[in-house]
Amino acid sequence: AQERTLSIIKPDAVAKNVIGEIYARFEKNGLRVVASKMKQLSKQEAEGFYAVHRERPFFGALVNFMISGPVMIQVLEGEGAVLKNRDLMGATNPKEAAAGTIRADFADSIDANAVHGSDSLENAAIEIAYFFPATDVYGR
Ligand code: CMP
């Protein structure tokens with residue numbers, strides 16, 4: 001089915017100047033960018049976005065990393081977009097990411113892991129609404 005998912009290019013990948021290379025991977029694999037913006041997240045915005053991880057030991061480091069520089073936030077649309085984006089990203093820990101995935105090619109560590117992608121259709125809807133009013137999503 002046609003789905004939408006939320007993708008974030010994290011501060012490490014923005015700093016590496018690979019936004020375009022990552023967008024090309026989305027587009028070559030049938031995902032359309034239907035909303036996008038660059039944004040310096042505030043601490044409150046990053047904490048709210050990752051609220052499900054609030055009790056995890058890595059929460060503080062994750063939030064500090066996500067506010068260390070601007071991020072590129074986009075909504076991707078396409079057939080099976082949630083799983084397709086996760087396949088393109090590769091495993092959360094770049095050391096475990098399959099060859100040819102975004103994280104294998106661009107990520108340095110489990111915190112500086114280049115990209116975020118929604119893990120389910122349900123979370124995708126929540127995450128998209130967190131950053132984009134419905135009027136700013138230009139899907140088909
Ligand atoms: P992301 O998909 O953005 O969701 C939460 C992030 O927490 C994850 O990518 C990682 O960058 C980061 N993180 C750090 N340590 C861990 C861990 N042990 N397990 C999962 N995520 C982690």
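Trainee: Which residues does N113 touch, not counting residues up to four places away in sequence?

Mentor: N113 has contacts (heavy atoms within 4.5 Å) with K10, D12, T92, P94, R103 and A107. Keep in mind that this is a predicted model, where local features need pLDDT of at least 70, side-chain atom pairs count only at pLDDT 80 or more, and totals for chains, interfaces and linings use all residues. Residues are numbered from 1 along each chain as its sequence is written, and side-chain values use heavy atoms, with hydrogens and water left out.

Trainee: OK. What does the side chain of N113 reach at 3.1 Å?

Mentor: That's the backbone oxygen of T92.

Trainee: And is N113 buried or exposed?

Mentor: Buried, because its relative accessibility is 2% and the cut-off for buried is under 20% relative accessible area, with exposed over 50% and partly exposed in between (1.4 Å probe, protein chains only).

Trainee: Where does N113 lie?

Mentor: In the loop between α6 and β4. Helices (H or I, at least four residues) and strands (E, at least two) are DSSP runs, numbered from the N terminus. R103 is found in α6 itself, residues 102-106.

Trainee: Why does R103 count as buried?

Mentor: Because its relative accessible area is 6%. R103 touches N113, and its other contacts include M89, T92, P94, V115 and H116.

Trainee: Switching topic: which residues does the UniProt "binding site" annotation cover?

Mentor: The unreviewed entry lists K10, F58, R86, T92, R103 and N113. The lining of the largest pocket includes K10, F58, R86, T92, R103 and N113. Be a bit careful, since UniProt annotations may be inferred rather than shown by experiment.

Trainee: How much space lies in that largest pocket?

Mentor: About 620 Å³. On a 1 Å grid over the protein atoms alone, a pocket is an open set of points where a 1.4 Å probe fits, with protein on both sides within 12 Å along at least five of seven lines, and lining residues have an atom within 4 Å of a point. The volume is the space filled by probe spheres set on the points.

Trainee: How many residues line the largest pocket, and which lie nearest its centre?

Mentor: There are 26 lining residues, with Y50, V52, H53, H116 and E127 nearest the centre.

Trainee: Which element gives the most to the lining?

Mentor: α7, with four residues. Elements that each supply at least two include α3 (43-49), α5 (81-89) and β4 (115-117).

Definitions and conventions. A polar contact is a pair of N or O atoms within 3.5 Å; within protein, one must be able to donate a hydrogen and the other to accept it, and residues adjacent in sequence count only if both atoms are side-chain atoms.
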